[in-house]
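Welcome, and thanks for taking a look at this one.

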Amino acid sequence: MFFSVPSEADSRYMSESNQVGPIVDMTCSAQTLGINARLARLLTAAVDRSGKSRREVARAASMNKDTFLRILRGDKAVTLDDAERVLDASGLPSNGALLLAILGHEDLAVEWLGEDAGAFLDQFLTALPVTMNETLGPRIADLRPRWAIGTSCLVARLLAKHIDDFAERDISLVLGR
């Protein structure tokens, strides 16, 4: 999964029973209540799009049906493990959708569920850190956070040009026959 818990040495993420707890404590603040509502919306959309009954998804996610329904309504705090299990049981990729929902872009997360854009985002997010590290090497330390938005615009323009180039080649192939 894209989200991982830091090493066990980091006590901020450990419960008293020495079990790794959720990355996001979904019970304490208005911000986490917002995250919970966004995740509930995403999970409900995933279940609805799965083509399976809620009972089937709950069973595949190894969840009690009442707990499952409380999660979908937003009445129960959602851990990342819960979210991943529901998305997996729904048969939908989870990394990009979860990240989008947590970052406050649940509209895009819901829109891209099961779509090529969502699958692209999953693969992109998985490949980007390793590719950046390999490509930049020691220059990774020179990165500045203020460059992130401009870089995202550059990547989006590059993708648009790439799509346009493919469309032109496809038209050329059709017209050339």
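1. A word on terms before we start: a cavity here is a set of grid points where a 1.4 Å probe fits but cannot get out, and its volume is the space filled by probe spheres set on those points. Please keep in mind that this is a predicted model.

2. Searching the whole structure turns up 1 cavity of 30 Å³ or more. The largest cavity holds about 60 Å³ of space.

3. Which residues line the largest cavity? They are P93, G96, A97, L100, A109, W112, L113, G114, G118, L121 and D122. Two or more lining residues come from each of α5 (95–102), α6 (106–112) and α7 (116–136).

4. Now for the open space. The largest pocket contains about 1,000 Å³. It is lined by 24 residues, and those closest to its centre are F124, L128, T151, S152 and V155.

5. Which elements give two or more residues to the lining of the largest pocket? These are α5, α6, α7 and α8 (148–176). The biggest contribution to that lining is from α7, with 8 residues.

6. The lining of the largest pocket is made up of 21 nonpolar, 2 polar and 1 charged residues.

Conventions: Residues numbered from 1 in each chain as written. Predicted model: local features only at pLDDT ≥ 70, side-chain atom pairs only at ≥ 80, totals over all residues. Heavy atoms only, no water. 1 Å grid on protein atoms, 1.4 Å probe; cavity = no way out; pocket = protein on both sides within 12 Å on 5 of 7 lines; lining within 4 Å. Helix = DSSP H or I, 4+ residues; strand = E, 2+ residues; numbered from the N terminus. Nonpolar A, V, L, I, M, F, W, Y, C, P; charged D, E, K, R; others polar.
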